[in-house]
Amino acid sequence: MTSQSPEGSGPQADPSPAAVLGVRVVNLLLVLIPFAGLIAAITLLWGIAFSWVHLVVMGVMYLITMLGVTVGYHRLFTHKSFKTPKLVEAAFAVMGSMAVQGSVIDWVADHRRHHQHSDEEGDPHSPHTHGGGIWGTIRGMFHAHMGWFFRKAPDGHGNYVPDLKSRRLIRWLDRLFPLWVVAGMLIPALLGGLLTLSWSGALLGFIWGGLVRIFFVHHITWSINSVCHIWGTKPFKSHDESRNNAIFGFLAFGEGWHNNHHAFPASARHGLRWWELDISWLVILAMSKVGLASDVRVPSPARMRTKLA
């Protein structure tokens, strides 16, 4: 669930080799730097620097940015499973951008392409198009998890998002993606500094609430592409290998109920049974109760019965 397009949100054109290389280098840094932050955080735990304040900062930033992806990027902008005022839309676009998975337009384009070609040729991150056997499975898992965004985006990438590209507010938010990324690093540093009244607190806020948080958000959401297309259950009929995985249903705020989602892509609710915890759905439901979400789309029980496997 990370965007890899070098073409941005402007008119379609083949990117130059230098532009493609630049995107690959940036994507590599986005993988390595949060990992380096994790190593630094673990090192500092060993009697050098530790405070529950920074874990709380990380938790708050994780909540904000994960909901930016799950509720904002995914259920609102990609699938239009509910409507919300423009100010709330803008907030979700910024929150999703701070997850450092790509700008809103590029992320939505990738995900819509995934649904159109799910687990077939053309799917940007299927684990099932890399041959059979153990080696093919390993290659597929790596590609689906993170290898795919080192590849050049196919022609027509921007054709999946004419609705978003036609909106001035969304184009503006999309162009300011680097600013939101920087803000997502500075906010936890500022919180860490203010809550501890120290420069070391600011540094640890940056490491835990910035780099370590990005590491966990990345790998948990990437696991929806990889793990949830291999391991889990298939209660509903779908034209792909999407699976429900309870671990990532919890960690990814409901996104792990992936077979449910592929059976009913426009549904704002992914945890369709009472025991399938879907934190993102609970947020949308709460928003609807206070007038911040309308036209919320959920399949009827009768429709769900028609798609039972």
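Helix H5 passes helix H9 in a right-handed crossing, a crossing being right-handed if the near helix is turned clockwise from the far one by less than a right angle, and left-handed if anticlockwise. Helices here are DSSP runs of H or I with at least four residues, strands are runs of E with at least two, and both are numbered from the N terminus. The structure is a predicted model, in which local features need pLDDT of at least 70 and side-chain atom pairs count only at pLDDT 80 or more, whereas totals for chains, interfaces and linings use all residues. Residues are numbered from 1 along each chain as its sequence is written, and side-chain values use heavy atoms, with hydrogens and water left out.

The secondary structure of the protein chain comprises 13 helices and zero strands. Of its 309 residues, 54% are buried, where buried denotes under 20% relative accessible area, exposed over 50%, and partly exposed the range in between (1.4 Å probe, protein chains only). Among contacts in the protein chain with a separation of 6 or more, 72% are accounted for by residues 24 or more positions apart; contact means heavy atoms within 4.5 Å.

Two packed helices are described by the angle between their axes and the distance between the axes. For H5 (residues 133-145) and H9 (residues 199-226), the axes come within 7 Å and cross at roughly 130°. Axes are lines fitted to C-alpha atoms, for helices over the stretch in contact, and angles run from 0 to 180 degrees between N-to-C directions. H5 and H9 are therefore oblique to each other, since angles under 35 degrees count as roughly parallel, over 145 as roughly antiparallel, 65 to 115 as roughly perpendicular and the rest as oblique. On the H5 side the contact involves Met-141, Ala-144 and His-145, which meet His-219, Trp-222, Ser-223, Asn-225 and Ser-226 in H9. By class, the contact of H5 with H9 contains three nonpolar, five polar and no charged residues; Ala, Val, Leu, Ile, Met, Phe, Trp, Tyr, Cys and Pro count as nonpolar, Asp, Glu, Lys and Arg as charged, and the others, Gly among them, as polar.

Within H5, the buried residues are Gly-136, Gly-140, Met-141, His-143, Ala-144 and His-145, and the buried residues of H5 pack against H9. Met-146 lies in the loop between H5 and helix H6 (162-165) and is buried, with a relative accessible area of 14%. The C-alpha atoms of Met-146 and Ser-226 are 8.8 Å apart in space, although the two residues are 80 residues apart in sequence.

H9 also packs against helix H8 (residues 177-196), the axes coming within 6 Å and crossing at roughly 145°. The crossing of H8 and H9 is right-handed. Residues of H8 that make this contact include Gly-184, Met-185 and Pro-188, and those of H9 include Gly-201, Ala-202 and Arg-213. The residues of the contact of H8 with H9 divide into seven nonpolar, eight polar and one charged.

Most residues other than glycine have a negative phi. Asp-119, although not a glycine, has a positive phi of about 60°. Asp-119 is found in the loop between helix H4 (104-116) and H5 and is buried, with a relative accessible area of 12%. Asp-295, likewise not a glycine, has a positive phi of about 50°. Asp-295 lies in the loop between helix H12 (279-289) and helix H13 (301-306) and is partly exposed, with a relative accessible area of 49%.
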